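Visitor: I've got a model to walk through, and I'd like to know what stands behind each label you put on it. Can we bring it up and start with a helix?

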Amino acid sequence: MKNTTKVALAVVVTAAVAVPGTAYAGSRLFEPRPTEVRSFVTGDTASIADGVAIGKNVALYKSSGLGPAAMHTAPGASAEERYIPTDVFPGGRLPDGVTLTEAQGINALRRIGANLEAAGLSYEDVVSMRVFLQNPDGEPAMDFAGWNRAYRQFFANTDRSTGEPLEVQLGSATTEPMVVNDGRPSRFALEIENLPVDGWLVEVEVDAVYGR
């Protein structure tokens, strides 16, 4: 009888852990209501969520992967420099400490913003994000720090305890964020060998929810 009880208990525990669409809130298992979205964030200034629980009846928008737009067309610009957003950095000149990945990240995230707006959404509606980074020419690894500075211009740039905007880095300078946004999506970032467009260092896709 004891062995039977142990087996039954093991089955129940395994089933509980394997339930799709669930997440832990504190020490208890949380499953969202059908129309509920819950992001789990640790800390008042965290940059990303630990995870997000999405109810089965939530309307979800999934963007295509977007990289930066070619804006810097001056003669002599390299393939990577072509994707510097010249409306942010006139003439393609980068301020002190701003890297090509950072500049391209800002460019790509502005395109994501336009894509979301066309779908009736905004940066605040983004609940998850996937980021693909390529090594800058001649560099041994992706520039994750530069990407992260670009990301904080649009996401996770408020203090959750006060609601006040946080200052963010733009290269070596400290600035106000380009878009004030409390949203902290779940996120992963991968270094890959080649992105599909010559010169791209950043590609991003997001999931956003309606009626959040």
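This is a predicted model: local features need pLDDT of at least 70, side-chain atom pairs count only at pLDDT 80 or more; totals for chains, interfaces and linings use all residues.

Visitor: What comes after α2?

Guide: G120 follows α2, and its phi is positive, near 80°.

Visitor: Which residues of α2 are buried?

Guide: Among them are T101, E102, A103, Q104, L109, I112, G113 and L116. The cover over the buried residues of α2 includes β5 (60–62), β6, α3, β7 (168–170) and β10.

Visitor: What makes a set of residues a nonpolar core?

Guide: Its members are buried residues of nonpolar kinds, joined through side-chain atoms within 4.5 Å. The largest one here has 29 residues, and L116, M129, W147, F155 and V204 touch the most other members. At least two residues each come from α2 (100–118), β6 (126–134), α3 (144–152) and β10 (202–209). The top contributor is α2, with 6 residues.

Visitor: What is V204 in contact with, leaving aside its neighbours within four places in sequence?

Guide: S64, G65, L66, L109, I112, M129, R130, V131 and W147.

Visitor: On to the rings. How many aromatic pairs does the structure hold?

Guide: There are 5 aromatic pairs. One of them is Y123 with F155, which is edge-to-face.

Visitor: Why is the pair of Y123 and F155 called edge-to-face?

Guide: Two checks. The rings sit 5.6 Å centre to centre, and the cut-off for a pair is 6.5 Å. The planes are at 90°, and over 60 degrees counts as edge-to-face. Y123 is in the loop between α2 and β6, while F155 is in the loop between α3 and β7, so this pair ties together parts 32 residues apart in sequence.

Visitor: How do you know that Y123 and F155 are buried?

Guide: The cut-off for buried is under 20% relative accessible area. Y123 has 12%, so Y123 is buried. F155 has 0%, so F155 is buried as well.

Visitor: And what makes Y151 and F155 a stacked pair?

Guide: Their ring centres are 5.3 Å apart and their planes are at 15°, so the pair is stacked; the limit for that label is under 30 degrees. Y151 and F155 are both buried.

Visitor: Why do you say R187 lies over the face of Y151?

Guide: R187 is at 4.4 Å from the ring centre of Y151, and the distance cut-off is within 6 Å. R187 is listed as lying over the face.

Visitor: How do you know that β3 and β4 pair?

Guide: Pairing takes at least two bridges, and 4 bridges join β3 (residues 37–40) to β4. The two strands run antiparallel. As for the faces of β4 (residues 51–54), G51 and A53 are on the covered one, with V52 and I54 on the uncovered one.

Visitor: Last one: what does the whole protein look like?

Guide: It has 3 helices and 10 strands, following the pattern α-β-β-β-β-β-α-β-α-β-β-β-β along the sequence. Buried residues make up 40% of the 212 residues. Of the contacts with a separation of 6 or more, 65% are between residues 24 or more positions apart.

Notes: Residues are numbered from 1 along each chain as its sequence is written. Side-chain values use heavy atoms; hydrogens and water are left out. Buried means under 20% relative accessible area, exposed over 50%, partly exposed in between (1.4 Å probe, protein chains only). Contact means heavy atoms within 4.5 Å. Rings of Phe, Tyr and Trp (its six-membered ring) pair if their centres lie within 6.5 Å; planes under 30 degrees apart count as stacked, over 60 as edge-to-face and the rest as tilted. A charge sits over a ring if NZ of Lys or CZ of Arg is within 6 Å of the ring centre and within 35 degrees of the ring normal.
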